[in-house]
Amino acid sequence: VTVSVLYWREMASPGDQAPAELTALLERMGVACAVVETKEQGKHVKALADFAEGAELFEEAPIVAWPIHASDGSLDPKTFCDGCMRAVASGSSVACDGCRDAVYCTVECQARAGPAHSFLCKKLAALRGFHAAEAASTSGAAPISAESVARCVATIAVRYLRLKAQNPDASPAELFVYAAHAFNRLLEPPVSATFEDADPAKWAGIVRRVMEPTLAANLPPSAVEGLLSDETIRTLLGELTINAQGLFVKPAEDSAAAPVHAAGVFTIQSCFNHSCCPNARVRCGTNSDITLEMIKPVKAGEEITISYLPPLVLELEPVAKRNERLKPYFFTCRCPKCTSELAAAAASRE
């Protein structure tokens, strides 16, 4: 049986079940919120109770996280933990035994990240070299890279093998579906979407070239074909483009390390809509985990929103420039701030 991305979508939880699944997850976490999906607002989050300014809704670890390259495409792998993105100082990390391209903040973090890294060991240099070459002709500072897509592939492969061990009689197609379940919940861009600074077919080529030998040694051919197909890579690229959360990982107070620029995708955080006048924010800490914190009071029944743009952009740039920055997310903002600015501009022209 060939495991295609189309089959993955058909077998995955239907879209109308995802909000119920995610609301149940929030309930188990003790968070008084619900994930709702409507035609007008898409998937979004509503408060089920009143929240005060400063209230912390939840902490969340990423499905997958990755480092962001500098604008020139460079990246120093010895400055961050390859597992949790924690900033590490020289001489205070644990190096991968198999390659020079990954270090870890602790032995425990290395053990947690090891299974996924096994699919990328000795391959990160090629992926990062590809990005550096691409940066020469693009903006270079984009948060999504071929490495980030490869990390998604590795994450799905690890989950596939764990599920296989637990369910030895399951078919490759069934295992593939459940291994990719966390990604199936993420919003996808339009089928006709194009990506700035990214050629999906070219990215699929490099990911396939560096990962296929190791995947083929561990997974059945049908699963390898499905994971590395052009359509799967394009789907993952699209999901990362519109769901990735930028991370500014601060070093510990007693550390001489520099901050780490990274990104990740999160199951719950990805459900929150953007607003240029948000009532919540994503707060980063000293690793890739995030905290969702209220910055304004919210009443039960109101939508909770975050900003996909930096605070200074919200403060200083007009609505047209903000919406230009939001183009990669494939929507035009119609929040109260944007609506008010557009109305004021229209009135000034009369």
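User: What makes the crossing of α5 and α8 right-handed or left-handed?
Analyst: In this predicted model, the crossing of α5 and α8 is right-handed. A crossing gets that word if the near helix is turned clockwise from the far one by less than a right angle, and left-handed if anticlockwise. Helices and strands here are DSSP runs (helices H or I, at least four residues; strands E, at least two), numbered from the N terminus.

User: Why are α5 and α8 called roughly parallel?
Analyst: Helix α5 (residues 146–166) and helix α8 (residues 200–218) pack at an angle of about 25°, with their axes 10 Å apart. Angles under 35 degrees count as roughly parallel, over 145 as roughly antiparallel, 65 to 115 as roughly perpendicular and the rest as oblique, so the pair is roughly parallel. The axes are lines fitted to C-alpha atoms, for helices over the stretch in contact, and angles run from 0 to 180 degrees between N-to-C directions.

User: Which residues of α5 and α8 meet?
Analyst: On the α5 side they include A146, V153 and L161, and on the α8 side W203, M211 and L215 are among them. Contact means heavy atoms within 4.5 Å.

User: What makes both faces of β12 covered?
Analyst: E303 and T305 on one side are buried, and so are I304 and I306 on the other.

User: Which strands does β12 pair with, and how do you know?
Analyst: Two strands pair if DSSP finds at least two bridges between them. With β9 there are 2 bridges, running parallel; with β2 there are also 2, running antiparallel. N273 has T305 as its bridge partner, H274 has I306, and V45 stands opposite I304.

User: Why are β1 and β9 edge strands?
Analyst: The open sheet has the order β1-β2-β12-β9. β1 (33–38) and β9 (273–274) each have a single partner strand, so one side of each lacks a neighbour in the sheet.

User: How confident is the predictor?
Analyst: pLDDT is its confidence in each residue, from 0 to 100. The chain's mean is 90, and 93% of its residues reach 70 or more. Over residues 1–15, pLDDT stays under 50.

User: Which ground rules apply?
Analyst: Residues are numbered from 1 along each chain as its sequence is written, and side-chain values use heavy atoms, leaving out hydrogens and water. Local features need pLDDT of at least 70 and side-chain atom pairs 80 or more, while totals for chains, interfaces and linings use all residues.

How values were computed
Buried means under 20% relative accessible area, exposed over 50%, partly exposed in between (1.4 Å probe, protein chains only).
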